[in-house]
Amino acid sequence: MKKISMLIAVVFVLGAMAQSALAQNLATFFGAVGVIPTGSTNTTVRGVPAAGQIWRIQNLTAQVRVDGNIQLNGQGLLLGAGNAVGSNANASVFATLFCANDGNIQHSTTLTGVPLQVNGDFHIQDSLLPMPPPTCTSPVLLIRLINNGPWFAAGIPFTIPSPTLPTPPTPPTPPTPPTPPTPPL
């Protein structure tokens, strides 16, 4: 009996720790889109202009915590056009988070950034400054050229999908009553 009580207590504590860890996430991003500049202002995001060349990104995962810490892994951020297509253009990047509920203030990692690897991979583990609000509505995460430069890629926010309820079956149509025979004439 004592072992069962101990096991239940351990399961309860582990469950509480997992819930606490989930509650500390401010925003999560899975996947990204690269920039396709058009030369117009409609490629500007939250006041940040787009890079002047097409960039593609293979993958991105990022987790932003309520304390402002960010862990971000990007893969394959490379030029998608021009004479240097397929290269990293010797770029260094940093990340900026925007939250609609605080007026889209720029919460950024260190502006000196991290260099892209030859294959376009990069890793950012830093703190956002200024610290983001405790909740973040409509989060936008931009990957940008160092020193407040233009954006190359934008993270895709991960939201837990709401469960879809099954559609109730259509009730069967009642059978048509038989037609009475017509009397002979």
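How many aromatic pairs does a search of the whole structure find? The search finds two aromatic pairs, and both are described below. The model is a predicted one. Its chain has 185 residues, of which 31% count as buried, and its secondary structure comes to one helix and 11 strands.

**Overall architecture**

- Read from the N terminus, the elements of the chain run α-β-β-β-β-β-β-β-β-β-β-β.
- Among contacts in the chain between residues at least 6 apart in sequence, 67% join residues at least 24 apart.
- The chain has an accessible surface of about 11,700 Å², and carbon and sulfur atoms account for 65% of it.

**Aromatic pairs**

- A pair of aromatic rings is described by the distance of the centres and the angle of the planes.
- Phenylalanine 30 counts as partly exposed because its relative accessibility is 46%; phenylalanine 158 counts as partly exposed at 43% relative accessibility.
- The rings of tryptophan 55 and phenylalanine 152 have centres 4.3 Å apart and planes at 50 degrees, so this pair is tilted.
- Tryptophan 55 is found in strand E2 and phenylalanine 152 in strand E11, so the pair ties together parts 97 residues apart in sequence.
- Tryptophan 55 counts as buried, with a relative accessibility of 5%, and phenylalanine 152 is buried as well, with a relative accessible area of 3%.

**The nonpolar core**

- The largest nonpolar core holds 36 residues, and the members that touch the most other members are Leu60, Leu72, Leu77 and Phe122.
- Two or more residues of this core come from each of these elements: E1, strand E3 (59–65), strand E4 (69–75), strand E6 (92–98), E9, E10 and E11.
- When residues up to four places away in sequence are not counted, leucine 72 touches Leu60, Thr61, Ala62, Ala95, Phe122, His123, Ile124, Leu141 and Ile143.

**The disulfide**

- A disulfide is a covalent bond between the sulfur atoms of two cysteines.
- The structure holds one disulfide, which joins cysteine 99 to cysteine 136 with an S to S distance of 2.0 Å.
- This pair links distant parts of the chain, 37 residues apart: cysteine 99 lies in the loop between E6 and strand E7 (107–108), and cysteine 136 lies in the loop between E9 and E10.
- The torsion about the S-S bond of cysteine 99 and cysteine 136 is about -100 degrees, so the disulfide is left-handed.
- Are the two cysteines, cysteine 99 and cysteine 136, buried or exposed? Both are buried.

**A contact between loop regions of the sequence**

- Valine 66 has its place in the loop between E3 and E4, and is partly exposed, with a relative accessible area of 32%.
- The C-alpha atoms of valine 66 and threonine 135 are separated by 7.6 Å, although the two residues are 69 residues apart along the chain.

**Backbone exceptions**

- Most residues other than glycine have a negative phi, and most peptide bonds are trans.
- Which peptide bond is cis? The peptide bond from leucine 129 to proline 130 is cis, with omega near -10 degrees.
- Proline 130 is located in the loop between strand E9 (122–127) and strand E10 (140–145).
- Arginine 46 is not a glycine, yet its phi is positive, at about 50 degrees.
- Arginine 46 is placed in the loop between strand E1 (25–34) and strand E2 (55–56), and counts as partly exposed at 36% relative accessibility.
- Asparagine 148, also not a glycine, has a positive phi of about 60 degrees.
- Asparagine 148 lies in the loop between E10 and strand E11 (151–157), and its relative accessibility of 44% means that it counts as partly exposed.

Definitions and conventions:
Residues numbered from 1 in each chain as written. Predicted model: local features only at pLDDT ≥ 70, side-chain atom pairs only at ≥ 80, totals over all residues. Heavy atoms only, no water. Helix = DSSP H or I, 4+ residues; strand = E, 2+ residues; numbered from the N terminus. Buried < 20%, exposed > 50% of the residue type's maximum accessible area, 1.4 Å probe, protein only. Core = buried A, V, L, I, M, F, W, Y, C linked by side-chain atoms within 4.5 Å. Contact = heavy atoms within 4.5 Å. Disulfide = S-S within 2.5 Å. Areas by Shrake-Rupley, 256 points an atom, 1.4 Å probe, with all protein chains shown as cover. Phe/Tyr/Trp six-rings, centres within 6.5 Å; stacked < 30°, edge-to-face > 60°.
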